Amino acid sequence: MAVGVGKAIVVLLAVWLIIILLMTGPILHSNENDEHITRRLTKAMNELEVLKRQNDELRAILLEFKIVDVDKSKDQLLDDLHEKLNKANELLHKAESGSTNTVCDPSAQFENVRRRIINQVNEMWLYTKNELKVLKTKMDDDKTKIKMDKMIRLETQYKRVILNDLATLSNIDGLGEWREREAKSLSDLIQRRLHYLQNPKDCKNAKKLNCNLNKGCGYGCQIHHVVYCFIVAYGSGRTLILNSKGWRYNKDGWESVFKPVSDSCTSTMGVGSAMWPGYGDAQVLDLPIIDSISPRPDYLPLAIPRDLAARMQRLHGDPIVWWVGQFLKYLLRPQPNLQANIDEMTDKLGFKKPIVGIHVRRTDKVGTEAAFHKLHEYMLHAGEFYQQLALRQNVTERRIYLASDDPNVFAEAKRSFPGFEFIGDPNIAKSAAMATRYTDSSLRGIILDVHFLSMSDYLVCTFSSQVCRIAYEIMQTVNPNAASNFRSLDDIYYFGGQNAHNHRVIYSHESQASNELELMAGDVIGIAGNHWDGYSKGINRRTKQQGLYPSFKATNKLQIADFPTYPEVKQNELSSSR
């Protein structure tokens, strides 16, 4: 075998030398001027470099044939040999066809800069549109107002074209395939770690964290409470025990709709029980709600694990949202009867893509925690999504999945926006009324709404709503490139009870008004919110000054914390090479 490999390498080198002579010979014997010869020589050297790289790849594959695993059967060895020959054949085909395109993993810098450009384009558009509208209100001349409207439309078209080109850039040379592959690999690793944590070999002696599903709040708030418990369990290396009997949404508990959080370890029995943070070797800890936990561990949201941080940052535009989504992916696995409801409703509604999910919140929190927003505010962004989509594909239907706690919204939508197809179930909105909110039908209704909102291509809602934020978090597990596939009419993304959310200043800024912050590159800003007009509000941690700053001049400052690395759970074969 080794002799055959040697001959193959010699042949390949000989072919390479012949190609060198064939390409350089005409140049050496030509009467062309120096500039033309230089150009041809440069081209030849570039082609030689490609051939050399392909030759090295072939050499590596051929040299592998020397390796013989004595533990493998004859059939296994033949299978290995067949696979390697196929790889060699593919490389030879590329060499013969002159193809030099290869799928490469993008660098973290490339992905971060690409996403930052997308954010900057959107912020520039928000700023320009807002300023033109403000100027328009100050104009008395109708012709000038018409010109302002024309400028806004043209600016919007510019924005759409740039974002379309950036979307194309994000998928060239197999980057879209890489993103799908890396998301699957990383998600699979996390899911296997969670399964390992939740199913210890010795439940009797395992360290446990007891979480009571008794927080006095709505569905979205309670789901986020369980996520918080699970993150603390993961961060402390304890098996989560979810105490859900008597749940206000279903007295039978969590397992009546979702699969158990553990297949084998559900008992809170143990040697020693204590409240967080515990004492000595207490086996079971009881966890308070996130607002009351003390001391507060570093791994609370918005932190991501250090051992996975590099991969998460390269993969996703907002890693903490993707991280939270992974816990929801594990927790919200439907029982067969719930899955049957989801499948039945999918067929009944005719749910298909493309589709925009809109969640209109109208009842308990409007006027206290959230402002009232008219339906047309949501529809402006839904329409913009379809205008953007039309640059990439033929749009024949503009479909909306509509969810609300106000059944009147459905009639208003169909009456006021005839150019759109609305799907959704008004009965779910009726069951969300305060009198019937904590019933089994209401529970299944909100679960269905969250499911279909998360399956949408784009989400328009208010992030002051936990239902909306859950849908956005789950969306990241469906589409690995969905960090910017939303428009919130009020808040930026947050996790209730989170540790501080900070921005890091990229570009210095000289304040232009008394309410603006003075910024130096590297400053840390505690962000209070985005005004969606090109400006955000926050406090400069260095100067202690509070005020506005241009959103595009800062970016999220990631919080990276030490979590257990769970070495017992091996990286899978799909893991990224970087």
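## Helices and the model

Helices here are DSSP runs of at least four residues, numbered from the N terminus. Keep in mind that this is a predicted model.

By that count, Arg192 and Asp188 both sit in helix H6, which covers residues 175-198. They are four residues apart, or about one turn of the helix. An α-helix has 3.6 residues a turn, so residues three or four places apart point the same way. The side chains of Arg192 and Asp188 do meet, in a salt bridge of 2.8 Å from N to O.

How covered is this pair? Buried means under 20% relative accessible area and exposed means over 50%. Arg192 has 29%, so it counts as partly exposed. Asp188, at 27%, is partly exposed too.

The structure holds 18 salt bridges in total. One of them joins Glu384 to Lys159, with the closest N and O atoms 2.9 Å apart. This pair ties together distant parts of the chain: Glu384 belongs to helix H11 (residues 375-389) and Lys159 to helix H5 (residues 142-169), 225 residues apart. Glu384 counts as buried because its relative accessibility is 14%. Lys159 is at 5%, so it is buried as well.

Another salt bridge pairs Arg542 with Asp523, at 2.7 Å between the closest N and O atoms. Here the partners come from two loops, 19 residues apart: Arg542 from the one between strands E13 (535-540) and E14 (546-550), Asp523 from the one between strands E11 (502-505) and E12 (524-530). Arg542 is partly exposed, with a relative accessible area of 44%, whereas Asp523 is buried at 6%.

Now for helix H15, residues 466-478. At 1.5 Å a residue, its 13 residues should span 18 Å, and the end C-alpha atoms are 19 Å apart, which agrees. At the start of H15, a side-chain oxygen of Ser465 comes to within 3.3 Å of the backbone nitrogen of Val467.

How many of the 13 residues of H15 are buried? Ten are, which leaves the helix mostly covered.

Terms used: Residues numbered from 1 in each chain as written. Predicted model: local features only at pLDDT ≥ 70, side-chain atom pairs only at ≥ 80, totals over all residues. Heavy atoms only, no water. Expected span 1.5 Å × (residues − 1). Buried < 20%, exposed > 50% of the residue type's maximum accessible area, 1.4 Å probe, protein only. Polar contact = N/O pair within 3.5 Å; in protein donor to acceptor, adjacent residues only side chain to side chain. Salt bridge = Lys/Arg side-chain N within 4 Å of Asp/Glu carboxyl O.
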